[in-house]
Amino acid sequence: MSAASNPEPDFQMVFESLPGLYLILDPGLTIIAVSDAYLQATMTERAKILGRHLFDVFPDNPDDPGATGETNLRASLDRVKRRRMSDTMAVQKYDIRRPDSEGGGFEERYWSPVNSPVTDSGGRLLYIIHRVEDVTDYVRLSEERIEQRQVTEELQAHSARMEAEVIRRSTDLQSLNEQLRSANEAKSVFLANMSHGLRTPLNAILGFSELLIDDVDDSYDRATRLSFLAQIHSSGKHLLALINDILDLSKIEAGQMEVRLERVVLRELVDQVDDLMRPLADKGGVSIEALIDSEYELLADRGKLKQMLINLASNAVKFTPSGGKVTIGYQGAEGQTEIWVEDTGIGISPENLSRIFDEFQQIDDAISRQQAGTGLGLALTKRFAALHGGEVTVVSKLGLGSRFTIVLPHLARADGSSQPAMPDLVPGAEDLSQPLVLIIEDNPAAAQLLARYLTSGGYRTEIARSGLAGLAKARQLMPAAITLDILLPEIDGWDVLTQLKRDEATSQIPVVVVSVVANPDLGLALGALDYLIKPIDGQELIRLLRNIGLASKPGGAKARILIVDDEQAHREWLADMLEGAGYSVRMAAGGREAIETALLDPPDAVLLDLLMPDVTGFEVVDALRGESAMSNVPIVILASQDVSVADKRRLNGKVSAILSRRTEAAAELLGLLQQMQVGARQ
Amino acid sequence: MTGDGTLVLVVEDNSTNQLLITAILNRAGFRVRIAGNADEAMTSLTEERPDLILMDVQLPGRDGLTLTRELKANARTAAIPVVALTAHAMASDREAAFAAGCAGYLSKPIDTRTLATDLTSILATVAG
């Protein structure tokens with residue numbers, strides 16, 4: 001029988017062959033027909049589902065508690081029954097049960113189902129056609145698209161971020177460029193000001209010396225010639241001060257300025273400043289008063305604090321009219337020490353106040369032009385204070401006076417009265433295999449800081465607060481190394497070093513003399529022996545000699561000084577100056593000559609240049625100290641450059657003082673000598 | 001002697017330069033009066049009329065060129081030649097000096113060996 005010969009189609013067969021997924025349900029949801037495609041898609045067989053309830057055949061995946069397929073389908077079918085209208089469901093995710101023959105379990109499919117009612121002419125529901133479109137591939141595709149879109153968006157966002165970063169960096173570069181340009185300009189201005197500052201005294205020196213050279217027929221009288229020489233001399237001194245200030249500034253800029261903390265009795269320092277200011281103050285008719293308790297001590301770099309005070313005091317004296325008064329006072333407040341210099345002078349206008357701490361910013365008025373300052377004093381004072389972690393402040397009123405205050409932070413306070421006690425670094429659960437370092441350091445903050453560095457570097461630490469405690473702990477603990485501060489209570493670091501080396505038990509322990517570079521934080525921490533710099537101030541040198549017991553006695557024998565210096569001019573200048581002060585002087589131009597002269601006829605004191613071409617000062621010290629006749633004669637070192645820690649170690653215990661070529665530092669020698677208790681030979 | 005008793009009023013605030021200029025000019029036979037600022041210069045002018053004014057440009061208070069303009073505007077002092085003395089050697093400084101009415105211009109540092117002859121030749125130019 002063919003289809004052509006039979007005009008009545010086999011609807012059953014046609015339905016089952018439809019290229020779509022169809023189920024026919026009765027109103028009770030029993031499956032009464034199914035297309036082959038449906039069977040294929042659901043991996044089931046017709047015989048297994050016909051006549052069964054829809055949800056018996058296609059239950060939700062029992063393993064998926066969030067499955068909503070059955071609920072959604074039931075709701076849609078209910079709507080169809082109620083409304084007699086076709087109902088399109090949202091895309092459903094179905095877990096299709098796989099036949100056991102194919103491994104069982106469920107397969108995830110996305111279906112878009114439509115349920116349509118079939119009613120008779122009276123509107124009675126006969127069947128429900130359940131048609132499903134498998135949109136799994138479509139859903140998968142669109143999911144991929146979403147993913148791709150997300151990736152694209154991320155890429156776009158990333159590129160936007162990159163762009164922003166590029167813009168930010170180029171802005172940074174621009175502003176860095178600006179900073180460099182303005183720093184460069186500042187440097188140029190500084191250079192221009194500096195060369196002007198250097199040229200002014202140099203021109204005076206050249207001008208007046210030219211007048212004297214050209215005066216072939218002695219037309220100038222003696223007083224005129226002396227006034228020319230005085231101008232040359234004062235210009236030279238001014239030039240030296242300027243160069244020293246510039247060197248100090250550049251050292252600070254390069255981060256090479258050391259801060260050597262030590263106990264400073266403020267009153268002693270202020271008295272020295274007072275002495276230095278006296279001639280200028282007397283000349284200007286200005287009185288100086290110091291309101292400093294003689295007991296008050298602080299931790300500071302002696303030389304720098306003194307220079308700060310000199311700068312402030314000399315400004316105060318210069319800008320105070322005759323009959324005025326300069327007062328130096330202090331306040332040991334909680335947390336800091338304030339030292340102030342107050343005057344009854346001309347004052348500073350508000351517009352000038354903001355720039356007086358800048359380099360070369362001398363206020364351009366009649367009085368300041370008469371005052372030969374370097375223009376760097378206040379700038380340096382501020383930087384020195386900053387090196388101590390402090391600052392300089394100023395209040396001033398035109399016509400009434402000014403008050404400059406040096407503020408040094410609490411850490412610098414060393415009298416123990418208000419400084420919070422810092423506990424020793426107590427070794428906790430420490431690793432005994434780590435090497436032990438003994439820290440001999442009297443400043444608790446400095447010791448703590450060192451201990452922290454050493455601990456982080458893998459060492460155990462032990463702190464001794466004095467030289468004697470240090471010696472005891474060294475013998476008891478036999479540390480792997482010792483760090484040694486120089487200025488210690490009871491016995492100083494050099495003594496500790498000597499005793500450590502003398503004791504067989506401790507002589508092999510390496511000792512590091514700790515010195516700290518110019519880092520404001522670090523700089524606050526440690527102290528080291530101070531020393532002084534050339535050129536020597538004649539008056540100071542004579543004071544020094546008196547102080548070590550070598551005063552020239554009227555009618556008595558003159559004290560004999562041996563001057564050892566390879567620089568002829570300096571040697572002769574020293575000799576003139578000392579002979580003028582009543583000393584008997586002999587000279588040696590080199591180390592070998594010095595040793596011969598000294599041993600032939602031992603002098604009462606030796607002034608010794610450290611750096612000489614043939615036999616150096618170090619060798620002279622060694623040679624002289626080895627001879628019994630010379631072993632106790634005071635030797636004063638004249639250092640033409642800063643003496644390094646290594647140099648000082650070489651000179652350990654063998655010299656009475658190290659005097660360096662810087663006028664303003666020379667006064668400290670007295671304190672240093674007293675500290676060292678240099679024995680004088682009468 | 002080049003100076004021949006000629007009176008020079010030196011307006012200069014720096015004491016070192018005052019001394020130096022005085023020594024140079026005295027040696028060359030000039031007489032010298034010193035003023036440390038513009039006001040002192042005005043006082044000095046009322047006391048004795050100089051043959052020439054050597055004027056430091058950078059004075060405290062009223063500067064040297066301002067003072068020069070005032071002198072040139074005053075019939076009593078307009079004829080006195082003014083020689084500007086400045087620390088700068090820029091062409092613009094020179095122009096500014098001549099614009100203010102200066103008869104000559106010298107830049108620092110002061111040359112001890114030429115200052116006197118420089119002033120003499122400026123005086124000769126003005127007279128001629």
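**Entry 1: a strand-to-strand pair in chain A**

I started with A:Arg263 and A:Glu297, whose side chains form a salt bridge at 3.6 Å, N to O. This pair ties together distant parts of the chain: A:Arg263 sits in strand E7 (residues 261-265) and A:Glu297 in strand E9 (residues 297-301), 34 residues apart. I noted that this is a predicted model, so I am reading computed geometry throughout. Buried or exposed, or something in between? I looked up both ends: A:Arg263 is partly exposed at 36% relative accessible area, and A:Glu297 is partly exposed at 22%. The cut-off for buried is under 20%, so A:Glu297 at 22% does not count as buried.

**Entry 2: helix H6 of chain A**

Next I went to A:Arg169, which makes a salt bridge with A:Glu165, their closest N and O atoms 2.9 Å apart. Both residues lie in helix H6 of chain A, 4 residues apart, or about one turn of the helix. A:Arg169 counts as exposed at 51% relative accessibility, because the cut-off for exposed is over 50%. A:Glu165 is partly exposed, at 28%. Which residues join this pair in a network of salt bridges? I found A:Arg168 and A:Asp172 linked in with A:Glu165 and A:Arg169.

**Entry 3: the bridge between the chains**

Then I checked the interface for salt bridges and got 1 between chain A and chain B. Which side chains make it? They are A:Asp214 and B:Arg113, at 2.7 Å, N to O. Helix H6 (136-214), helix H7 (222-253) and helix H11 (366-370) of chain A each put at least two residues into the side that touches chain B. H6(A) gives the largest share of that side, with 9 residues. By class, I have that side of chain A down as 7 nonpolar, 6 polar and 4 charged residues.

I looked at the exposure of the two bridge partners as well. A:Asp214 is partly exposed, with 26% relative accessible area, and B:Arg113 is partly exposed too, with 48%.

**Entry 4: the rest of the interface**

How many residues does each chain bring to the contact? I read 17 residues from chain A and 15 residues from chain B. The area buried between the two chains is about 1500 Å², and carbon and sulfur atoms give 55% of that. For polar contacts, I got 3 residue pairs between chain A and chain B, both residues at pLDDT 80 or more.

**Entry 5: the two chains on their own**

I looked up chain A first. Chain A has 22 helices and 22 strands, and buried residues make up 44% of its 682 residues. Of the contacts in chain A with a separation of 6 or more, 66% are between residues 24 or more positions apart. Its accessible surface comes to about 34600 Å², 53% of it from carbon and sulfur atoms.

Chain B has 5 helices and 5 strands. What order do the elements of chain B take from the N terminus on? I traced β-α-β-α-β-α-β-α-β-α. Of its 128 residues, 48% are buried. Residues 24 or more positions apart account for 63% of the contacts in chain B with a separation of 6 or more. The accessible surface of chain B is about 5700 Å², with 52% belonging to carbon and sulfur atoms.

Conventions:
Residues are numbered from 1 along each chain as its sequence is written. Chains are lettered from A and ligands numbered from 1 in the order in which they are written. This is a predicted model: local features need pLDDT of at least 70, side-chain atom pairs count only at pLDDT 80 or more; totals for chains, interfaces and linings use all residues. Side-chain values use heavy atoms; hydrogens and water are left out. Contact means heavy atoms within 4.5 Å. Buried area is the accessible area (1.4 Å probe) that two parts lose on being put together, summed over both. A salt bridge is a side-chain nitrogen of Lys or Arg within 4 Å of a carboxyl oxygen of Asp or Glu. A polar contact is a pair of N or O atoms within 3.5 Å; within protein, one must be able to donate a hydrogen and the other to accept it, and residues adjacent in sequence count only if both atoms are side-chain atoms. Ala, Val, Leu, Ile, Met, Phe, Trp, Tyr, Cys and Pro count as nonpolar, Asp, Glu, Lys and Arg as charged, and the others, Gly among them, as polar. Buried means under 20% relative accessible area, exposed over 50%, partly exposed in between (1.4 Å probe, protein chains only). Accessible areas come from the Shrake-Rupley method with a 1.4 Å probe; for residues, only the protein chains shown count as cover.
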